[in-house]
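Good morning, everyone, and thank you for making time for this. Please have a look at the sequence and the structure, and then I will walk you through a few side chains.

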Amino acid sequence: MPDGFFRVHADVRVKETGEIVKIDYVASCGAIVSSWSFTTSSVTYGMAPHVMLVPTESGELIGVRTPDVCDAQMWWPVKIDGETFQNPPADFLPLIMWYPDADNIDFAIGYLSDKAYESPYAKIELMSSGIAKSNLEEWRAWKKAAGDAFKPVGALPGGLSKEPTLRRRIQ
């Protein structure tokens with residue numbers, strides 16, 4: 001594990017509008033230890049955030065599924081038949097999703113390979129992406145900047161509107 005933190009970045013172009021969406025965030029790795037009465041403790045590993053959603057100017061969303069790279073072995077070079085390969089690979093592709101409507105995240109198109117972006121039906125183009133080691137200081141700086149810049153966009157999942165639920169029920 002890279003000191004428990006890693007950076008995910010991607011530059012995505014929305015084909016219809018030409019808008020370039022820059023995604024750059026720091027994820028943290030962690031663990032939850034559960035103690036059980038009649039057996040040994042168990043550990044569940046994970047990372048946060050799991051998904052980063054960035055709105056476009058035209059009301060769509062670009063989402064990135066945070067890659068599960070909290071395993072320390074993911075970051076070590078690997079030797080195969082005498083040849084050394086760096087992990088993660090330089091051409092690593094995260095799962096990137098395109099949501100047509102920021103107010104309805106029920107549907108998305110996921111892009112998992114170069115071929116997906118080459119499709120005539122592709123809505124986005126991946127210009128660059130990757131993951132890199134990070135640290136606590138970068139995570140704290142990203143968390144503060146992201147919190148300061150946060151603006152709620154769209155509706156909550158489950159078909160809720162932007163209006164308060166109580167007002168909608170009374171009318």
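This is a predicted model: local features need pLDDT of at least 70, side-chain atom pairs count only at pLDDT 80 or more; totals for chains, interfaces and linings use all residues.

**Side chains and their partners**

Let me begin with T66, whose side chain makes a polar contact with the side chain of Y25 at 2.8 Å; a polar contact here is a pair of N or O atoms within 3.5 Å, where within protein one must be able to donate a hydrogen and the other to accept it, and residues adjacent in sequence count only if both atoms are side-chain atoms. Residues are numbered from 1 along each chain as its sequence is written, and side-chain values use heavy atoms, with hydrogens and water left out.

T66 sits in the loop between β5 (61-65) and β6 (78-80), where helices (H or I, at least four residues) and strands (E, at least two) are DSSP runs numbered from the N terminus. Is T66 buried or exposed? Its relative accessibility is 1%, so T66 counts as buried, given that buried means under 20% relative accessible area, exposed over 50%, and partly exposed in between, with a 1.4 Å probe and protein chains only.

Now to charged side chains. Side chains of opposite charge can pair when their charged atoms come close. A search of the whole structure finds 6 salt bridges, each a side-chain nitrogen of Lys or Arg within 4 Å of a carboxyl oxygen of Asp or Glu. One of them joins E138 and R7, with the closest N and O atoms 3.5 Å apart. This pair links distant parts of the chain, since E138 belongs to helix α2 (residues 136-149) and R7 to strand β1 (residues 5-14), 131 residues apart. R7, D24 and E138 are linked in a network of salt bridges. By contrast, D148 and K144, which meet in a salt bridge at 2.8 Å, N to O, both lie in helix α2, 4 residues apart, about one turn of the helix.

Finally, the rings. The whole structure holds 3 aromatic pairs, meaning rings of Phe, Tyr and Trp (its six-membered ring) with centres within 6.5 Å, where planes under 30 degrees apart count as stacked, over 60 as edge-to-face and the rest as tilted. F5 and W139 form a tilted pair, 5.7 Å centre to centre with 35° between the planes. Because F5 lies in strand β1 and W139 in helix α2, the pair ties together parts that are 134 residues apart in sequence.
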